[in-house]
Amino acid sequence: VAMTFDPMQKRMLFRNKFVETEGYIRDKETGGMSERGLFGTMKSGGIFNNMFQTSYKHVANTNVIHAGDDLYALWEGGKPYVLDPLTLRNKNGIGKAGTTDLGGLIDENFSAHPRYDPDRKSHVNFGSVYDPMKSEFKVSLYEVDATTFRSKQSTIPNFVLGAPALLHDFVLTKNYCIFNINDTKINSMSAIKAMLGFGGFAGSLEVNADAVHSDIILIPRSLFDEEQASVDKINLFEDDRIIAVPVEKHFNFHYSNAFEDENGNVVFDTVQIDDIDLAPDSDNGRPIWLNDNPYESVAPSQMMRYTIDVENKCMAIGQPSPKLLTTRLPEFPSIPRNMSTQEHRYIYPVVARKKVHVVDPKALGKGGPAGAVAKIDAHQPSNNEYYSFEPYEFPGECVLCPKVGKDSSAEDGCYLLTNIVNGKTLTTELAIFDVEGKGSLEKGPILRCPLPVFVPHMLHGSFAEDVTFDFEPFEA
C-alpha cells in the first residue's frame with residue numbers, strides 16, 4: 001500500500017498491489033497455496049504434499065524502504081524485492097527475478113528492520129541464516145547508502161551461534177549495533193512435526209526455560225573498517241571487542257531507538273515480553289486466529305528503557321534501568337526517522353484500548369489487540385498520552401511525518417499517520433494526528449480518510465520526504 005500526498009491541493013494518490021513474488025505468482029496460477037509458510041501455513045493438497053517440504057514462501061510483507069528511485073519490499077527470510085514506487089510493480093520482473101542481492105552484497109537473507117543513521121546517511125542492517133547440518137546460525141552485518149541502497153563498506157562483520165536466535169530486530173547508535181541474544185535451541189519433537197507437515201518450522205525454536213538471563217550484545221561499528229579475516233565468525237562472548245551485558249531474561253520483537261548519552265552510556269527502549277510461542281496453530285489444529293480467545297497463549301508486553309555502562313560492561317549504576325515506560329501492551333514503537341541514533345524523549349507505539357494492570361508479566365493470556373495509539377514520554381512516563389479508538393477499530397503501526405519548516409530541535413514537531421482497520425464494516429481509514437505539544441495526541445485525529453479498498457492488518461511502513469508523482473490515472 002502506498003499513499004502520496006499533495007498538500008497544496010489537499011489530495012492523496014492511493015495505490016495497492018500484491019508484491020509479485022514467486023509464491024504469489026504460483027498461487028495465482030494454481031489457485032491454491034503453492035508453498036509452505038514459515039509460521040505454519042500449509043501447501044494445498046493435504047498432509048502428503050507438505051511432508052518433508054523444507055522450503056517456505058518468500059512473502060515480502062514485513063517492511064518497505066524507499067531509496068533513490070526504488071522501493072524495497074523486505075522480509076527477513078529472503079532477499080529484497082525491488083518495486084517501482086509509483087506502480088508498485090516489480091522493476092526487474094516477476095517472481096525471483098524481482099529480487100536483488102544489492103550489488104552482490106548479500107548471499108541469502110536481509111532483515112526487514114534496517115536502521116537509519118542520519119549522520120552518515122546510511123542504513124545498517126543484518127541478515128541471518130541457519131545451517132542445520134553444521135548447527136550454525138550465522139548473522140552478518142551490512143551498511144548501505146540511504147540513496148543507492150548499495151554497500152558503503154567492503155567488510156561484512158559476522159558472528160555465529162550454535163542455534164537459531166530469535167533475531168527479528170536490532171537497534172543502532174553512532175558507534176554500536178545492539179542485539180538481544182537469548183539461550184535458544186531446536187525442539188526436536190516440534191522439528192519432526194514440522195518436517196512431517198504438521199506445523200511451522202518457526203515453532204520448533206524455543207527459549208531455554210531454565211535460562212535466568214538474556215544478553216545485550218554491543219557490536220562496535222568500527223568492525224566495518226577492519227579486514228574481513230578479523231571479523232569472520234566472531235565469538236560474541238569471548239571476543240574482547242564485543243560487549244556482552246547479562247540482563248533479566250526477556251524476549252523482544254521490536255526496539256524504538258538507541259543513543260549514547262553524555263556519559264558515554266548506551267540507552268535504548270524496547271518492547272519486551274517474558275515468554276514467546278512461535279507456533280501459531282492451536283491444539284485442535286485450527287489457526288490461532290479462529291480461536292475464541294486468540295491471545296490465550298500471549299504474554300503481556302511492556303516498554304522498558306535500558307541504560308548500559310559501556311566502560312564497565314554492565315547496567316548503569318544509579319539509573320532506574322530497566323526503566324518501565326508503559327504496561328499498556330505496547331507494540332510497533334515508532335519515532336521520527338531523523339531521530340534515529342539521536343537522543344529522543346518520545347516514542348509512539350500502538351497500545352491496548354484501555355489501561356492494563358499487569359500483576360504478573362509472565363502470565364499467559366494477558367496480551368491483547370491494539371486499540372489505541374500513544375505518545376510515551378521516556379523522561380516522565382506519568383505524562384504519557386493515549387488516544388483510544390472504538391472497540392471494533394484496530395490501529396496499525398504509526399508512521400511519523402515531520403512538519404514542513406519546523407526546527408529539527410522540536411522532536412515532536414510532526415504528524416502521526418496510522419491505518420485503522422474497522423472489524424465491524426471491514427473498511428480501512430487513514431488517521432492523521434498532530435502530536436506537537438503536550439496533550440495534542442489526546443485531542444484525536446485531525447483527519448480520518450476512508451481508503452478506497454479494505455486493507456487488513458499491516459506490519460511496518462515508512463515515510464519518504466520529497467517523493468511525488470503526477471496525480472494522473474495510470475495502469476498498475
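Modeller: A cavity here is a set of grid points where a 1.4 Å probe fits but cannot get out. Keep in mind that this is a predicted model.

Biologist: Happy to. How many cavities of 30 Å³ or more does a search of the whole structure find?

Modeller: The search finds one. About 40 Å³ of space lies in this largest cavity.

Biologist: What makes His-168 a lining residue of the largest cavity?

Modeller: A lining residue has an atom within 4 Å of a point. His-168 is listed in the lining, along with others including Leu-166, Asp-169 and Tyr-255, so His-168 has such an atom. By class, that lining holds four nonpolar, three polar and one charged residues.

Biologist: Why is the second largest pocket called a pocket and not a cavity?

Modeller: A pocket is an open set of points, whereas a probe cannot get out of a cavity. The second largest pocket, with about 930 Å³ of space, therefore counts as open. Among its 38 lining residues, Ile-65, Tyr-116, Arg-337, Ser-462 and Phe-463 are the closest to its centre.

Biologist: Which strand gives the largest share of that pocket's lining?

Modeller: That is β3, with four residues. The lining divides into 17 nonpolar, 14 polar and seven charged residues.

Biologist: How do you know that β23 and β24 pair?

Modeller: Pairing needs at least two bridges between two strands. Four bridges join β23 (residues 372-377) to β24, so the two strands pair, and they run antiparallel. In one of these places, Ala-374 has Tyr-386 of β24 as its bridge partner.

Notes
Residues numbered from 1 in each chain as written. Predicted model: local features only at pLDDT ≥ 70, side-chain atom pairs only at ≥ 80, totals over all residues. Heavy atoms only, no water. 1 Å grid on protein atoms, 1.4 Å probe; cavity = no way out; pocket = protein on both sides within 12 Å on 5 of 7 lines; lining within 4 Å. Points joined across faces, edges and corners; volume = space filled by probe spheres on them. Nonpolar A, V, L, I, M, F, W, Y, C, P; charged D, E, K, R; others polar.
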